Amino acid sequence: MSSPESLTFTTINMFNFVEPPNAFYDFENILTQDEWQKKQDWFRDRITELNSDVIGFQEVFSPNALKALVNELGYAYFCTVDEPKSEDGYVFNSPVVAFASRYPILNAQPVIAEQLERFGIEFEFNRIPVHACIELPHLGITDCYVVHFKSQRPKEPEVNNEIDEERLSPLNQLHDEQLGSWLSTVQRGLEANILHNHIIQQRKKTNQAVVVMGDFNKPLFHDEFKGLLSHELRFDKFSSDYLAQFQLKDSWDIYGELKGIDLLEKRAYTHYHGAKGSVLDYILLSNEFDSSFSGNILEVVDYTVTDKHIVNPTFDIDQFSTDHALVSITARIRQA
């Protein structure tokens with residue numbers, strides 16, 4: 001376990017973590033028992049090496065199997081707030097997110113989309129975020145969130161059983177793809193803003209520290225995430241003094257400021273699409289972790305990206321790992 005002076009948080013995309021004989025997305029996607037054992041062993045080894053205190057998981061189709069795995073590794077607390085969905089009982093198409101913790105998870109709840117009712121918009125999360133209240137050393141009860149925002153895959157139009165040659169034309173397919181891509185962006189933006197509203201309303205009530213982690217499915221600098229990091233009203237610049245207490249910051253930026261690292265320095269990618277790399281996996285933190293705020297409690301002293309399995313894989317070892325890097329941060333109690 002981490003020393004009492006520090007806490008380590010990790011986010012892990014489990015890449016279709018499904019126990020056979022169940023399948024993911026297609027009936028052909030069933031791991032053999034040997035493959036399933038290798039996948040479990042890979043995650044078991046990485047989790048042991050990272051020695052984290054709190055872990056957020058995405059792409060979990062078999063939460064009971066994951067719970068058993070982390071319990072075996074000393075994580076006595078585990079939670080999720082949703083169930084994986086399947087078409088016929090064994091081909092699953094909708095994974096869940098989950099938390100494992102060495103410290104007590106006092107309660108867990110889904111993030112509810114209440115804000116959009118006032119705008120007359122019907123909405124549901126693509127994957128429901130988990131909000132867990134975890135009792136941590138130094139911080140006390142902390143609001144921890146694990147998310148898996150909507151992918152960049154274009155939203156598909158409604159299925160029409162009638163064959164329409166016009167709809168199958170390249171021009172119409174192009175339009176559908178462009179519109180579907182935009183709708184996916186809108187979905188991510190709504191998810192991020194609804195999550196932010198939930199976080200700040202909770203923080204207003206309790207003033208508890210906040211940790212947000214997960215797979216954002218697009219780099220954080222894109223417009224759909226602006227609301228998640230916002231702390232200033234458009235026409236009231238003086239509001240920032242009050243709203244700063246609700247601000248979330250990228251842990252990489254906090255770490256860079258503390259260590260004096262050039263923030264323009266190339267950041268390790270967490271996912272590759274062909275040869276193109278992107279940072280898709282993040283850990284966001286409230287002011288309690290930011291040394292630039294006088295009242296901070298912890299300092300981010302380490303930021304680690306575990307990526308050998310995607311940048312220089314060994315087939316026998318990494319064959320059944322994950323297509324994302326694992327991102328970890330360690331925060332130590334403020335020294336002075």
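Biologist: Why is Asp 26 called partly exposed?

Modeller: In this predicted model, Asp 26 has a relative accessibility of 32%. Buried means under 20% and exposed means over 50%, with partly exposed in between; at 32%, Asp 26 therefore counts as partly exposed. Asp 26 is placed in the loop between β2 (23-24) and α1 (33-50).

Biologist: What makes Asp 26 part of a patch of negative charge?

Modeller: Asp 26 gathers on the surface with Glu 28, Glu 87 and Asp 88. Asp and Glu count as negative, and a patch takes residues with over 30% relative accessible area and no salt bridge, like charges being joined within 9 Å. The 32% of Asp 26 passes the area cut-off, so that condition is met.

Biologist: Why is Ser 230 called partly exposed?

Modeller: The relative accessible area of Ser 230 is 34%. This value lies between the limits of 20% and 50%, so Ser 230 is partly exposed. Ser 230 belongs to the loop between α4 (226-229) and α5 (240-243). Its C-alpha atom is separated by 9.7 Å from that of Asn 193, 37 residues apart along the chain.

Biologist: How do you know that β12 pairs with β15?

Modeller: Two strands pair if at least two bridges are found between them. There are 2 bridges between β12 and β15 (residues 281-285), so the two strands pair; they run antiparallel. Asp 250 has Leu 284 in β15 as its bridge partner.

Biologist: What makes β12 (249-250) an edge strand?

Modeller: The open sheet has 6 strands in the order β8-β9-β10-β11-β15-β12, with mixed pairing. Both β12 (249-250) and β8 (105-110) pair on one side only, and these are the edge strands.

Technical notes. Residues numbered from 1 in each chain as written. Predicted model: local features only at pLDDT ≥ 70, side-chain atom pairs only at ≥ 80, totals over all residues. Heavy atoms only, no water. Patch = residues over 30% accessible without salt bridge, like charges linked within 9 Å, V, L, I, M, F, W, Y side chains within 5 Å. Areas by Shrake-Rupley, 256 points an atom, 1.4 Å probe, with all protein chains shown as cover. Salt bridge = Lys/Arg side-chain N within 4 Å of Asp/Glu carboxyl O. Charge placed at Lys NZ, Arg CZ, Asp CG, Glu CD. Helix = DSSP H or I, 4+ residues; strand = E, 2+ residues; numbered from the N terminus. Buried < 20%, exposed > 50% of the residue type's maximum accessible area, 1.4 Å probe, protein only.
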